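These notebook entries record what I looked up in the structure. I began with contacts between helices and then turned to the relation between the chains.

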Number of protein chains: 2
Amino acid sequence: MQAHTFFLYLLIILLTARIFAELAVRMKSPSVIGELFAGIVIGPSLFGWIQPVEALKLMAEIGIILLLFEVGLETDVRRLINSGSKSVVVAVIGFFTPLLLGYAISYYLFDLSLLVSLFIGGTLTATSIGITIRVLKDIRFNNSSEGQIVLGAAVIDDVLGVVLLALLYEFSTSGGINWVNTGKVIIFVISFFVLAPLMAKLISVIIRHFNETSEIPGLLPTTIVSLVLFFAWLAHAVGAPELLGGFAAGIALSRRFFLPLGTILRTDESFARTIEEQMQPIISLFTPIFFVVVGLSINLRAIDWGSPDVWIFSLLLLLTAIAGKLIGPLFIRENNYSRLMIGMSMIPRGEVGLIFAELGRLSNIFNNQIHAALVIVIVLTTIIPPFTMKWFFKRYSHKLLTFNP
Amino acid sequence: MQAHTFFLYLLIILLTARIFAELAVRMKSPSVIGELFAGIVIGPSLFGWIQPVEALKLMAEIGIILLLFEVGLETDVRRLINSGSKSVVVAVIGFFTPLLLGYAISYYLFDLSLLVSLFIGGTLTATSIGITIRVLKDIRFNNSSEGQIVLGAAVIDDVLGVVLLALLYEFSTSGGINWVNTGKVIIFVISFFVLAPLMAKLISVIIRHFNETSEIPGLLPTTIVSLVLFFAWLAHAVGAPELLGGFAAGIALSRRFFLPLGTILRTDESFARTIEEQMQPIISLFTPIFFVVVGLSINLRAIDWGSPDVWIFSLLLLLTAIAGKLIGPLFIRENNYSRLMIGMSMIPRGEVGLIFAELGRLSNIFNNQIHAALVIVIVLTTIIPPFTMKWFFKRYSHKLLTFNP
């Protein structure tokens, strides 16, 4: 691909993302909806101007790990740990309910095979942490108690999703599952979450030292981005989702990170602020690319809109996808407003669901009808919750838990 | 390419660039030498860890246009225009001398064909504006009178280089040259340089307006990068080098830009400063990628080091490449120290020469020996001048023209 064509692609993406986001906000909708919509408009669904070429996809991946880094920066790790048990309940119930319901509908009602039914269930499991987080940030709700529960649950959910994807993939190729390997992956992932922030914190101390002594400007942007890329790579290496590496790095560098190690690694407020200032423009540049590329990956034209089977199947799966995530919060001790807000926040499927669906199609597990039904479900679960969340928050924010903006 | 592999590539590039740049500065060398060297070390010349894959090359291209944008931001357009006639003399003489000398050596001394000889001459013409500018910035000399002359000359030289490349390419494929088309291109390019800054200035007024009214953070990074990408694309569309589009956009947004149009488009100091602050981290992130990728594109192993012909040919071309650029400043009215400084600044060939050499090899105009000789010349002209410039500047800065840091 020639540089000038790429420049044109990138500028169309950045500009349409911005224009649609501004329009969305003026229509009282979350800006992320505008960015997703921009991708649908300029992508294969409508005008077909832009192909999601490799370089764009890779820059989009940088965008999502940087967004998770930013969310980590703003996260209070004490409160995240405090809401831990609630997050686990919300995540685990919200993961297995759509998996089992989706499997049951496919297997018993539509007579699909075991593998296909499991893969359909799997597609319905994973909350799109990116979209959820962006909406929570858009309405400045990410630091609320509910926001912390959702954040923790989305992280756990994402890990479960990756483990399930690996299991299903193994099952589809070899016909069986190696539980020892699965156990190893789970241990690796847990160790990663305990050790990565410590390691990132140590590295940040080294970066701070060099930042004070370097004569060449621009040390922070390159080293902090390198740090985030490193932990994303490391997360993948231990079998965890890459974006969680960005999150771990962000937590470690946040102003509220604490360590029992004492004073050497204590957080330097002004250094944390400098990092935020220097990273902000870079994050703002890359993040919209991710959401536009999610929009580009959806091809509404490829769906067979005339088939009633697709619609009935979609509708049942959609109900499963929504109900499956609303059930989880019923098992934690909160008022019903908070439960509903948490449940709604877990509904968006977005990019993770699309990856499942695409993998299913490419490995001939899904035929076109099943793939179409799943894409419809993913699109609707991605587009509807931002609106309902924003509306609900506006109307009932006084009924919600301790609200800390 | 998978995202996690790309993350690893990118972080190795960013980190090695930084480490080698820091080492270079501690050894009293320009930091850009460190970045080029990083590319040589991690690339095919030594360890071969990193391939310059497409996504990296495209990010590198963004890096170079952003660097030119930054240089434009720091440029005083009045002084650039004032030094215009001197720049033209330096550029034109420094362009045609190596072209004709390189041609003559190849055609008469080494009995090469007309096309091959012209292509060799062409490879020796183009100053690497990126490397020259980085060295001038490293030693804080870019805003000196000599710096302005070099900047103007490098811009003109780059335009001449692109026109020549197009002509030679046409000649090599069709056997003739369409002078009407060439004339059109030259008119387009001149119009671009007159109109682009006006247009960019107008767009920046719109951006400033939206920046004041937008409720979503991060407007400046996306819109300013879009602006730079747009002018890079536009430059290519009219037949000019893309990086000059970035330069034109930078000039328009600089604090020192002026327009005879009156007060509507007057420069807002605080807005210009905000742009600089917001763009700085992005520029610092992308720019090193470019210089590392230049290093990655050089394969020192592919050179047949044992052949004496290659060495003799290289040596003659190297002398041509150096002498050709030192002669130009002799025709302008400056003292000899300034002339030598200007001449040395014009010597680096870098990426433009590599593009010529690569095109020559791919279209079978150059055999391996000629290609190797040219790569040696490009490497030496790229690596030596930063050292001599820094040394000369340190020793004789008091003898140079009005020095405005």
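Entry 1. I note at the outset that the model is predicted.

Entry 2. I looked up where helix 10 of chain B meets helix 12 of chain B. From helix 10 of chain B, the residues in contact are Leu220(B), Pro221(B), Ile224(B) and Val225(B). Their partners in helix 12 of chain B are Thr274(B), Ile275(B), Gln278(B), Met279(B) and Ile282(B).

Entry 3. The axes of helix 10 of chain B and helix 12 of chain B are 10 Å apart, and the two pack at an angle of about 80°. Angles of 65 to 115 degrees count as roughly perpendicular, so helix 10 of chain B is roughly perpendicular to helix 12 of chain B.

Entry 4. In chain A I looked up the packing of helix 8 (residues 145-174) against helix 14 (residues 336-345). Their axes are 10 Å apart and form an angle of about 35°. I noted the crossing of helix 8 of chain A and helix 14 of chain A as right-handed. Glu146(A), Ile149(A) and Val150(A) of helix 8 meet Ser338(A), Met341(A), Ile342(A) and Ser345(A) of helix 14. The classes in this contact are 4 nonpolar, 2 polar and 1 charged residues.

Entry 5. I checked the length of helix 8 (residues 145-174) of chain B. At 1.5 Å a residue, its 30 residues should span 44 Å, and the end C-alpha atoms are 43 Å apart, which agrees.

Entry 6. How is chain B superposed on chain A? I recorded a rotation of 180° with 0.0 Å of shift along its axis, at an RMSD of 0.0 Å. This is the relation of a two-fold axis. Within chain B, the residue that comes closest to the rotation axis is Ala55(B), at 2.2 Å (C-alpha).

Entry 7. Finally I looked up the contact between the chains, which takes 42 residues from chain B and 43 residues from chain A. Helix 1 of chain B gives the largest share of the side of chain B that touches chain A, 13 residues. That side has 26 nonpolar, 10 polar and 6 charged residues. I also noted that 100% of the interface residues of chain B are interface residues in chain A too, so the copies meet through the same surface.

Definitions and conventions:
Residues are numbered from 1 along each chain as its sequence is written. Chains are lettered from A and ligands numbered from 1 in the order in which they are written. This is a predicted model: local features need pLDDT of at least 70, side-chain atom pairs count only at pLDDT 80 or more; totals for chains, interfaces and linings use all residues. Copies are superposed by least squares on the C-alpha atoms of residues with pLDDT of at least 70 in both. Two residues are in contact if their C-beta atoms, placed from the backbone, lie within 7 Å. Helices (H or I, at least four residues) and strands (E, at least two) are DSSP runs, numbered from the N terminus. Ala, Val, Leu, Ile, Met, Phe, Trp, Tyr, Cys and Pro count as nonpolar, Asp, Glu, Lys and Arg as charged, and the others, Gly among them, as polar. The expected span of a helix is 1.5 Å times one less than its number of residues. Axes are lines fitted to C-alpha atoms, for helices over the stretch in contact, and angles run from 0 to 180 degrees between N-to-C directions. A crossing is left-handed if the near helix is turned anticlockwise from the far one by less than a right angle, and right-handed if clockwise. Angles under 35 degrees count as roughly parallel, over 145 as roughly antiparallel, 65 to 115 as roughly perpendicular and the rest as oblique.
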